[in-house]
Amino acid sequence: MAKENMSFFFEETVAGGNVGTIFRVSKIDFSKQSAIQKIDIFSTPDLGKVLAMDGMVQLNERWEFTYHEMIVHVPLFSHPNPENVLVIGGGDGGAVREILKHKSVKRVDLVEIDPEIIKICKENFPTVASKITNPAVSIYNEDGKNFVARKHDQYDVIIVDSTDPYKGAGNSLFTGEFYASCRDALREDGIMSVQAENPVYDSKEMERCFGEIKKAFSIVKPYVAFVPMYPSGFWVFAYASKNTDPSFKGEESRIKALDGTLIYYNRKIHDAAFVIPTFLEKLIG
């Protein structure tokens, strides 16, 4: 790796190393091997600061809103009155920031296995982690799989904001056993959202993810967003519930209350996100 403050290119490859994304790095701000994973933070000319874990980009300052708004607001606006929310992963704080834009939310449990991520993101990504110290937020540094297995009928929404499926520290969060625990931890009208990879370079991981979710939930729907900070930019999320469909719930005043705080998500995007191309329908089944 190049020396600190020396300009170089960072490359992340997918599809067995046959395809990759590349961007110029102007400075290495942070680099450490935690007890769980390799954590790097870079400054870049075009993307702002970038967080990479085990060599995979997790967020950049310029485009993080696309991912965080869609993994949060689709499930929360599909619920008539979300009060108690669980975030598994998400130690950067972006999901928490978006959740607390909803005035109905009274409690957020954040389960991040690596305490270093929370500490580092508070220092290096203050706009992303701006709400992580809010009194409504309780932080638990443990494996999300073990945490959720102890819960029953507690949450209105569960957001699985993990690393890539079947890769690295997030591997345990993409199993039928884990999703069954999430189902049991949700209230009867509860909703789960999961980042489920992309259908361009990681279609097999995405298919496997949806297959496992379908073992636990009766309603499982894919929805999509443009997330340019990840390979292909075409990102898929999984919506899952025991009995709550993904339509926008409640009065329009709910979304009007967030006027000026949303950059990607809006009322029309909510419905349009569930309109998916034919090839993706066939992949997921």
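Me: In this predicted model, which residue of E4 does serine 31 stand opposite?
Reply: Serine 31 stands opposite aspartate 40 in E4.

Me: What makes E3 and strand E4 a pair?
Reply: Pairing needs at least two bridges between the strands. E3 and strand E4 (residues 38–44) have 6 bridges, in the antiparallel sense. They therefore count as paired.

Me: What is the strand order of the open sheet?
Reply: The order is E3-E4-E5-E6, with antiparallel pairing across 4 strands.

Me: Why are strand E3 and strand E6 called edge strands?
Reply: Strand E3 (27–33) and strand E6 (56–60) each pair on one side only. Neighbouring strands of this sheet are turned by 20° against each other on average, ignoring direction.

Me: Which helix lies across E3, E4 and strand E5?
Reply: Helix H3 (residues 115–124) does, and strand E5 spans 48–53. The helix runs at about 15° to E4.

Me: Why is glutamate 197 called buried?
Reply: Buried means under 20% relative accessible area. Glutamate 197 has 1% relative accessibility, so it counts as buried. Its place is in the loop between strand E11 (186–195) and helix H6 (203–214).

Me: Why is serine 232 called partly exposed?
Reply: Partly exposed lies between the buried cut-off, under 20%, and the exposed one, over 50%. Serine 232 has a relative accessible area of 35%, so it is partly exposed.

Me: Where is serine 232 placed?
Reply: Serine 232 is in the loop between strand E12 (219–226) and strand E13 (234–241). Serine 232 also has a positive phi, about 80°, although it is not a glycine.

Note on methods:
Residues are numbered from 1 along each chain as its sequence is written. This is a predicted model: local features need pLDDT of at least 70, side-chain atom pairs count only at pLDDT 80 or more; totals for chains, interfaces and linings use all residues. Side-chain values use heavy atoms; hydrogens and water are left out. Helices (H or I, at least four residues) and strands (E, at least two) are DSSP runs, numbered from the N terminus. Axes are lines fitted to C-alpha atoms, for helices over the stretch in contact, and angles run from 0 to 180 degrees between N-to-C directions. Contact means heavy atoms within 4.5 Å. Buried means under 20% relative accessible area, exposed over 50%, partly exposed in between (1.4 Å probe, protein chains only).
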